[in-house]
Amino acid sequence: MKSKDLQQVVFRKYEDGDGPTKIFRDLNGSLELATIKRWCKMIRNTGSIQLSKPPGGPRFARTSKTIQKVKYKLNQKKMASVRSLAKDCSISKSSSHRILKVDMKLYPYKMRIEPKLTEEHKNKRKKFVNWVGHNFRKEDTMRILFSDEKIFDLDGMYNSQNQRIWAASRDEADEKGGIKVKQKFPQKVMVWLGVCSKGATPLIIFDPGTVDHAEYIQKVLPVALKYGNKTFGKHWTFQQDGAKPHIHHLTKTWCQDNFPSFIDKDHWPPNSPDFNLLDYCIWDEFAQCFNWKKVTSKVTLIDELKCAVKKSRQDVVLQSCSSWTARLNRVLKNGGGYLRK
């Protein structure tokens, strides 16, 4: 029932002798009791129900013409802040924000960083997917030992967008832990890890923070070989990316002489961290297992790194391995482009 109709019903019932409470019950909650009492008072004082108009002048900002102007500016700039759009369209920042979110139903997204892929890179990525499809059965892909290196530092990891402190003021937020202290030159630790459908290898720490082909051959490859043979027997595959220590001719010779099978630089495509489940999944899972409050020195950082390997959820690793081939097939569908998820 519209407001005008409700006003007529209340007016007629009040004139017939009904009180505000009876009118409220008869209308089954269509109007608040306080509103009915206010209207009845108006009828007693003025003989009619006269509702005042809202204060201020009519709103002109969110007109169809202004919305079209905002759309035109967005098509020109592609990326623009709410403040700059408001300035260009001569409207307030709040009006600009409402047009974008309410009228145009848009949501602001941050720019993401991903490797630059040339047509040559895309062709190599598609070639790799086809090579895997022709040479690996599903059960074979579950026997791949994926590997990668990563650098961690004492400053830890945090999400500046999503990790918020709810407080009444900036000072209160700071007291509740709203300040992330970063060192100018934090101590860093480089680690190597291998993962597969059965679990993870022992974590290898490179104390100087860098690794060359000699150290890679001496420290990493024997650990990978021992773990792979113990876990899978004689039928499994070692994966590594195209980092310099990995593609050195001595590294290649060692891999050929010792591993049952390995993915060499001629097959693994460059600029493809989205193919390595450590890069797109496991390292994030790994970092979530940290207790960063305990990390106060390089020694405690190494201790937490070792604990994180044990705390990582096996079902996350297994799911990543199981969905790897389906992920590769998505590359063919998007023309060899980068996989964002």
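The points below concern the fold, cores, selected residues and cavity of a predicted model.

1. Overall make-up. The chain has 341 residues, of which 37% count as buried. Its secondary structure comes to 16 helices and six strands. Among contacts in the chain with a separation of 6 or more, 67% are between residues 24 or more positions apart.

2. Main nonpolar core. The largest nonpolar core holds 39 residues, and Phe 286 and Leu 305 are the members that touch the most others. At least two residues each come from α7 (119–135), β1 (144–153), β2 (188–196), α13 (277–288), α14 (298–311), α15 (314–322) and α16 (324–333). The biggest contribution is that of α13, with six residues.

3. Phe 286 within that core. With neighbours within four places in sequence set aside, Phe 286 is in contact with Phe 152, Leu 203, Leu 305, Ala 308, Val 309 and Ser 312. Leu 305, one of these partners, is the other residue named with Phe 286 for touching the most core members.

4. Second core. A separate core of 21 residues is also present; Cys 196, Val 211, Val 220 and Phe 232 are among its members.

5. Arg 125. This residue is found in helix α7. Arg 125 has a relative accessible area of 0% and therefore counts as buried, the limit being under 20%. Its side chain makes a polar contact of 2.9 Å with the side chain of Ser 272. Not counting residues up to four places away in sequence, Arg 125 touches Leu 117, Pro 269, Asn 271, Ser 272, Asp 274, Phe 275, Val 331, Gly 336, Gly 337, Tyr 338 and Leu 339.

6. Phe 275. Phe 275 lies in the loop between β6 and α13, and at 0% relative accessibility Phe 275 is buried. Residues up to four places away in sequence aside, the contacts of Phe 275 are Arg 125, Phe 128, Val 129, Phe 146, Trp 268, Pro 269, Tyr 280, Trp 324, Leu 328 and Val 331. Trp 324 is 49 residues from Phe 275 in sequence, with 8.0 Å between the two C-alpha atoms.

7. Asn 271. Asn 271 has a positive phi of about 55° although it is not a glycine. Most residues other than glycine have a negative phi. The relative accessible area of Asn 271 is 36%, so this residue is partly exposed.

8. Ser 90. A positive phi is also found at Ser 90, at about 60°, and this residue is not a glycine either. Ser 90 sits in the loop between α5 (82–89) and α6 (93–103). With a relative accessible area of 65%, Ser 90 is exposed, because that value is over 50%.

9. Cavity. Searching the whole structure gives one cavity of 30 Å³ or more. Two or more of the lining residues come from each of α11 (244–247) and β6 (262–263). By type, the lining divides into three nonpolar, two polar and four charged residues.

Definitions and conventions. Residues are numbered from 1 along each chain as its sequence is written. This is a predicted model: local features need pLDDT of at least 70, side-chain atom pairs count only at pLDDT 80 or more; totals for chains, interfaces and linings use all residues. Side-chain values use heavy atoms; hydrogens and water are left out. A nonpolar core is a set of buried Ala, Val, Leu, Ile, Met, Phe, Trp, Tyr and Cys residues joined through side-chain atoms within 4.5 Å. Buried means under 20% relative accessible area, exposed over 50%, partly exposed in between (1.4 Å probe, protein chains only). Helices (H or I, at least four residues) and strands (E, at least two) are DSSP runs, numbered from the N terminus. Contact means heavy atoms within 4.5 Å. A polar contact is a pair of N or O atoms within 3.5 Å; within protein, one must be able to donate a hydrogen and the other to accept it, and residues adjacent in sequence count only if both atoms are side-chain atoms. On a 1 Å grid over the protein atoms alone, a cavity is a set of points where a 1.4 Å probe fits but cannot get out, and a pocket is an open set with protein on both sides within 12 Å along at least five of seven lines; lining residues have an atom within 4 Å of a point. Grid points are joined across faces, edges and corners, and a volume is the space filled by probe spheres set on the points. Ala, Val, Leu, Ile, Met, Phe, Trp, Tyr, Cys and Pro count as nonpolar, Asp, Glu, Lys and Arg as charged, and the others, Gly among them, as polar.
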